[in-house]
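Subject: Structure handover

Hello,

Please find the structure below. My notes on what was found follow it.

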Amino acid sequence: MSIRNHIPNSITSLNLLSGCVAVIFSFHGEFSAALLAIIAAAIFDFFDGLSARALKAYSLMGKELDSLADMVSFGLAPAMILFNKLMEDAESPNVIWLIAVLLTAVFSALRLAKFNIDTRQSENFIGLATPSNALLIASGIASLELYPGIDAAIMRHHYILPLCSLLLSYLLVSEIPMFSFKFKSFRFKDNLIRFLFMAIIAALGIATAISGVNWKVWVFATFASYIIMNLLLAATAKRK
């Protein structure tokens, strides 16, 4: 086997390593560092598929390794961020709340297993993709650190994070169609929704830069907007 066949798997391994680092940071309460590690994992996750297509280095092992790496980086890591945030701010966290936030990992595994056997998701997603879920959670918790008043208000009600976890867990395995960021062509007509979303995140980025808001808030706003936009599209489609 030539060296080029190992390149995609090497990049996937970096995804897995980044996920492990994110978990470690979460246990130390370093949620901003955990976010950076998950961002790195998402970048590696993008490039391992890209490199496999470019080098024509597909393999069954690569497919399995990719799912295992995603489970750690985008399933276990965000669950540990929620878990440790709850442990950090709650004097005596309820066991039910802790189980609820850990369901993020469980439903991420179900989502990844479903994706591997669902032939309908070759172009777009059905349900929330695990990288989007992980980045939303990680950026949301990291953003809370920037605003102690909001952080204290949210964590005073210890059920908020578990409820968010349950909602996102549902979205992971739901049948709600969600657009992907794959461009098969750059024709405006074929990619109207994608271009519209890119315009939204660009506008959010400009507003963030002008107002001086931290970039973590922009990441959170980006993925929150992605979910809201897809929910609105799904609701509109049902009415037709």
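This is a predicted model: local features need pLDDT of at least 70, side-chain atom pairs count only at pLDDT 80 or more; totals for chains, interfaces and linings use all residues.

Helix α3 (residues 60–89) holds both Lys85 and Glu88, which sit three residues apart, or about one turn of the helix.

Salt bridges

The structure has three salt bridges. In one of them the side chains of Lys85 and Glu88 meet at 3.9 Å, N to O; with the cut-off for a salt bridge at 4 Å, the pair is counted.

Glu175 and Lys114 make another salt bridge through their side chains, 2.8 Å from N to O. Glu175 is placed in the loop between α7 (160–173) and β2, and Lys114 in helix α4, so parts that are 61 residues apart in sequence are tied together here. Glu175 is partly exposed, its relative accessible area being 48%. Lys114 counts as buried, at 18% relative accessibility; the limit for buried is under 20%. Through shared partners, salt bridges join Lys85, Glu88 and Asp151 into one network.

Aromatic pairs

A pair of aromatic rings is described by two quantities, the distance of the centres and the angle of the planes. The structure holds five aromatic pairs, and two of them are described here.

In the pair of Phe179 and Tyr226, the ring centres are 5.0 Å apart and the planes stand at 80°, so the pair is edge-to-face. Phe179 is in the loop between β2 (177–178) and α8 (192–211), and Tyr226 is in helix α9 (residues 215–239); the pair links distant parts of the chain, 47 residues apart. Phe179 and Tyr226 are both buried.

Like Tyr226, Phe197 is buried. The ring pairs link Phe179, Phe197 and Tyr226 into a cluster.

Helix α8

Which residues of α8 are buried? They are Arg194, Phe197 and Thr208. These residues cover an arc of only 65° around the axis, which puts them on the same side of α8. The face turned away from the buried side of α8 carries Ile206 and Ile210, which are exposed.

The surface patch

Leu14, Leu17, Val21 and Phe25 make a nonpolar surface patch of about 310 Å². One of these residues, Val21, is found in helix α1 (residues 7–27). Val21 is partly exposed, with a relative accessible area of 32%; residues of a patch need over 30%.

A loop residue

Gln121 is placed in the loop between α4 (95–117) and β1 (125–126). Is Gln121 buried or exposed? Gln121 counts as buried because its relative accessibility is 3%. In sequence Gln121 and Ser180 are 59 residues apart, and in space their C-alpha atoms are 9.3 Å apart.

To recap the contacts, Lys85 takes part in a salt-bridge network with Glu88 and Asp151, and Tyr226 belongs to a ring cluster with Phe179 and Phe197.

Regards

Note on methods. Residues are numbered from 1 along each chain as its sequence is written. Side-chain values use heavy atoms; hydrogens and water are left out. Rings of Phe, Tyr and Trp (its six-membered ring) pair if their centres lie within 6.5 Å; planes under 30 degrees apart count as stacked, over 60 as edge-to-face and the rest as tilted. Helices (H or I, at least four residues) and strands (E, at least two) are DSSP runs, numbered from the N terminus. Buried means under 20% relative accessible area, exposed over 50%, partly exposed in between (1.4 Å probe, protein chains only). Patches are made of residues with over 30% relative accessible area and no salt bridge: like charges are joined within 9 Å, nonpolar side chains (Val, Leu, Ile, Met, Phe, Trp, Tyr) within 5 Å. Accessible areas come from the Shrake-Rupley method with a 1.4 Å probe; for residues, only the protein chains shown count as cover. The arc is that of the directions from the helix axis to the C-beta atoms.
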